[in-house]
Amino acid sequence: MNTQKEQPNYSILADIYDEVMHDVDYITWTDYIDEIIMEHHPRAQNLLELACGTGTMAISMEEFGYNRIVATDLAPKMIERATQKGKEAGSKVEFKTRDFLDLKLDETFDVAYMVFDSLNYLHQSADILKLHAEVKKILNPGGLFIYDFTTPRNSRKAIKYLNNDEATVDDRYHYFRSSSYDGQKQIHTNRFEIQPLSGNRNSEGETFIEEHQQRIYTYYEVKEMIDQTDFKILKAYDGFDLKPAHKKSLRITMVLQ
Ligand SMILES: C[S@@+](CC[C@H](N)C(=O)[O-])C[C@H]1O[C@@H](n2cnc3c(N)ncnc32)[C@H](O)[C@@H]1O
């Protein structure tokens, strides 16, 4: 009998995250974040990545020669996977399990950055303000906070290719993703049904469910929240360009100081 078991976000998904995201171009994305740092803080030496997931970006950021990179994520399974990938790559990135709303770090950084919609996991403006306050505590004077968020327009487009996405990963799992967007509430839901296949150490006959709900923001909503923090907006960039965001931007990258 097949049973369904709800899981915390990014627990069972951590096992197949890199395969699910196989078409995300992390090399271009890493180059882009480095380009932003070079543009706005060329002397930056040490970096903190928030919500680093399985560590792909932090590990490839090393090639630019920064002195130190620390990368953190809330989900212990994502950090486990990141640490393993770091070891395999001979990387010096230090991975730590941390909630970005309570960073508990005893060092400071020139740049904190966070990519791929991680801000959208925060549904309340009070939490977004808290995140900025936490980051302020660990930034050196003149430091940057760089992050992106996805817009309502992106959600309306993305459900066309995210909904009903399914695949078998390394003969270990089959996953099915449904994706929907509630434009009134500005909530994007991605629901993953992940089924271990025969021979998998995880129990066969069970389907694991992860339901991810993201709050989708317009530029003006994010700007209004930033205006309540101690940060000033240096730039709001469109997509993966160093050009200003505009009303049709699908993803906006904020550069704050
Ligand atoms: C869409 S994934 C992006 C991961 C990674 N940045 C990437 O590009 O692959 C969102 C990540 O945000 C993390 N996350 C969500 N809420 C968090 C929190 N409160 N503190 C730290 N990380 C969090 C999740 O665990 C997950 O790894």
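**Around the ligand**

Modeller: The ligand is surrounded by 17 residues, and Tyr 17, Tyr 26, Ala 51, Asp 73 and Phe 100 are the closest; a residue counts as near when one of its heavy atoms lies within 4 Å of the molecule. Keep in mind that this is a predicted model: local features need pLDDT of at least 70, side-chain atom pairs count only at pLDDT 80 or more, and totals for chains, interfaces and linings use all residues. Residues are numbered from 1 along each chain as its sequence is written, and side-chain values use heavy atoms, with hydrogens and water left out.

Biologist: What does the side chain of Tyr 17 do with the ligand?

Modeller: An N or O atom of that Tyr 17 side chain sits 2.7 Å from a ligand oxygen. A polar contact here is a pair of N or O atoms within 3.5 Å; within protein, one must be able to donate a hydrogen and the other to accept it, and residues adjacent in sequence count only if both atoms are side-chain atoms.

Biologist: And which backbone atoms come up against a nitrogen of the ligand?

Modeller: A polar backbone atom of Ala 51 is 2.7 Å from a ligand nitrogen, and a backbone N or O atom of Phe 100 is 2.9 Å from a nitrogen of the ligand. The protein buries 93% of the 590 Å² that the ligand exposes when taken alone, with areas from the Shrake-Rupley method and a 1.4 Å probe.

Biologist: How does the shell split by class?

Modeller: Twelve nonpolar, two polar and three charged residues. Ala, Val, Leu, Ile, Met, Phe, Trp, Tyr, Cys and Pro count as nonpolar, Asp, Glu, Lys and Arg as charged, and the others, Gly among them, as polar.

Biologist: Changing topic: which residues have the most contacts inside the largest nonpolar core?

Modeller: Ile 33, Phe 95, Tyr 113, Ile 146 and Ile 194, in a core of 44 residues. Such a core is a set of buried Ala, Val, Leu, Ile, Met, Phe, Trp, Tyr and Cys residues joined through side-chain atoms within 4.5 Å. Helix H2 (residues 26-40) gives the largest share of this core, six residues; helices (H or I, at least four residues) and strands (E, at least two) are DSSP runs numbered from the N terminus.

Biologist: Where does the core lie relative to the domains?

Modeller: Between domain 1 (3-15 + 153-215) and domain 2 (17-151 + 217-256), because both give residues to it. The domain bounds come from an automatic or database domain assignment.

Biologist: Now Thr 150: buried or exposed?

Modeller: Thr 150 is buried, at 4% relative accessible area; buried means under 20%, exposed over 50%, partly exposed in between (1.4 Å probe, protein chains only). Thr 150 belongs to strand S6 (residues 139-150), and its side chain makes a 2.8 Å polar contact with the side chain of Asn 154.

Biologist: What about the phi of Gln 186?

Modeller: Positive, about 55°, although Gln 186 is not a glycine. Gln 186 is in the loop between strand S8 (173-182) and strand S9 (187-196), and is buried at 16%. Tyr 10, not a glycine either, has a positive phi of about 60°.

Biologist: Last one, where is Val 222?

Modeller: In helix H7 (residues 219-226), buried at 2% relative accessibility. Ile 128 is 94 residues away from Val 222 along the chain, with 8.9 Å between their C-alpha atoms.
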